[in-house]
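Here is my note on the model, written as numbered points. Please read it with the sequence and the 3D view open.

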Amino acid sequence: MSALLDDKTRNKALINEVLEVYPEKAAKKRAKHLNVYEEGKPDCGVKSNIKSLPGVMTIRGCAYAGSKGVVWGPVKDMMHISHGPVGCGQYSWSTRRNYYNGTTGVDAFGAMQVTSDFQEKDIVFGGDKKLDKVVDEITQLFPLAKGISVQSECPIGLIGDDIEAVSKKKSKEINLPMVPVRCEGFRGVSQSLGHHIANDAIRDWVFDKADYNAPFESTPYDVVLMADYNIGGDAWSSRILLEEMGLRVIGQGTGDATLKEIEMMPRAKLLLLHCYRSMNYIARHVEEKYGVPWFEYNLFGPTKIAESLRGIAAFFDDTIKEKAEQVIAKYTALSQAVIDKYKPRLAGKKVMLYVGGLRPRHVIGAYEDLGMEVCGTGYEFGHGDDYQRTTHYVKDGTLIYDDVSSFELEKFAEKIRPDLIGSGVKEKYIFQKMGIPFRQMHSWDYSGPYHGFDGFAIFARDMDMAINSPVWGMTKAPWKK
């Protein structure tokens, strides 16, 4: 009990220490984003989804990143035009390791980069004609593409180009769906608005144009696996479990997804929502308009996997419930073998997390299955409901930080002295140079999958490899010098 009180006291003092560095006005604003979680509270007690302070080194992305880089980019049988200067498209080239089946450049295009390559004259005179030409070139070069999305960069919104009019015109000419997405980077406060805009584009340019009266042979067990971007093969390892318990996965969204699979969402009996933040908007729309319920699942670590499989099965009949138990039982020995191997090496290790989407809460259970403790967590672009959901995962006294700055995160790490930090590539090398083991938790550091029972074995191996690597005997964290 005293250790817990000491942690809470330390964390509160640490927040005050960090805030003292800021000017008074900045400190007052940042104080709203930092807190120590108190058990029993309905949320984590921090403000979120607010514009970052000018001059503070935020780690957020932009609306274009949320649309092209997260939601639309992984749709594999469409060409996605980065409409604007080449830089944004270059930065998002080759995706976030969104694996897909298909032949790149023939019938799958996820890792390709197409840009309208705006120049000064396009800013002055507009880029509608250039967009028209790019679409013609795409149809000639990639005849098997099933559609085209237009991902707007900042200049498009600033000069007022009418991408909707061009999309409607060209869609009729080429007889393919075109989806204009107003995801200019300056919109909103982070990549989160890009998710929302991308969801709205699915609603307006996919669902509203699809023919749901066309014949479709449904079953009582049809589900769509949505908001899983198949990073390192995550969706595939999840799909295995769903199909083993008797469900028919009629679509994925958007990792390894086709445009037709996106259209399938309203035909499902249940939408399975992985990344709540990025696609809860379209899930809610499908529930309201088409009457299809949705369920947020978590397949990180055996404890949460079992909970989620049972939660999913509860929407169906006893046949599915029985099969879910059989699946859980089938993999119990495998999971226990992983725990027996790695828990003695990882038990008691402290972890700090700072990621986007769902990972600041969803991966906590997997760490705890290995005997590890998450002592700090926060979201790059979380909303209030994300922090409400986080209360089901974190323990009393956990340090909570929203839109944390580079300075704050470094200071927290210096005082808390974690054995591992899980965050993004921008933070990776800073902490490794500080002598702190690190895992890149946006795209699994070129590893994965981490979902499902098979993924848990890879997750455990990677955490052990990070923390117990011999390299750390050749360097020291600042507090060990």
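1. How far is the sulfur of Cys275 from the closest cysteine sulfur, and in which residue is that sulfur found? The closest one belongs to Cys62, 16 Å away, which is too far for a bond. Cys275 is buried, because its relative accessible area is 9% (buried means under 20%, exposed over 50%, and partly exposed in between, with a 1.4 Å probe and protein chains only).

2. Before going on, note that this is a predicted model: local features need pLDDT of at least 70, side-chain atom pairs count only at pLDDT 80 or more, and totals for chains, interfaces and linings use all residues. Residues are numbered from 1 along each chain as its sequence is written, and side-chain values use heavy atoms, with hydrogens and water left out.

3. A disulfide is a covalent bond between the sulfur atoms of two cysteines. The rule used here asks for a pair of cysteine sulfur atoms within 2.5 Å, and the structure holds zero disulfides.

4. Side chains of opposite charge can pair when their charged atoms come close. A salt bridge is counted when a side-chain nitrogen of Lys or Arg lies within 4 Å of a carboxyl oxygen of Asp or Glu. The count by this rule is 39 salt bridges.

5. One of these joins Arg187 and Glu184, with N to O at 2.5 Å. Glu184 is buried, with a relative accessible area of 0%, whereas Arg187 is partly exposed at 29%.

6. Another salt bridge pairs Glu244 with Lys330, whose closest N and O atoms are 3.1 Å apart. Glu244 belongs to helix α10 (residues 234-244) and Lys330 to helix α14 (residues 318-346), so the pair ties together parts that are 86 residues apart in sequence. Helices here are DSSP runs of H or I with at least four residues, strands are runs of E with at least two, and both are numbered from the N terminus. Glu244 is partly exposed at 30% relative accessibility, and Lys330 is exposed at 53%.

7. Glu296 and Arg389 also form a salt bridge, with closest N and O atoms 2.7 Å apart. This pair links distant parts of the chain, 93 residues apart: Glu296 is in strand β9 (residues 294-296) and Arg389 in helix α17 (residues 384-390). Glu296 is buried at 18% relative accessibility, while Arg389 is partly exposed at 22%. Both residues belong to a network of salt bridges that also links Arg277, Arg361, Asp385 and Asp386.

8. Patches are made of residues with over 30% relative accessible area and no salt bridge; like charges are joined within 9 Å, and nonpolar side chains (Val, Leu, Ile, Met, Phe, Trp, Tyr) within 5 Å. Ile123, Val124 and Phe125 make a nonpolar patch of about 340 Å². Ile123 sits in helix α5 (residues 120-125) and is partly exposed, with a relative accessible area of 35%.

9. Lys25, Lys28, Lys29, Lys32 and Lys47 form a positive surface patch (Lys and Arg count as positive; His and the chain ends are not counted). Lys47 is in the loop between β1 (34-36) and α3 (63-72), and is partly exposed at 48% relative accessibility.

Technical notes. Areas by Shrake-Rupley, 256 points an atom, 1.4 Å probe, with all protein chains shown as cover. Charge placed at Lys NZ, Arg CZ, Asp CG, Glu CD.
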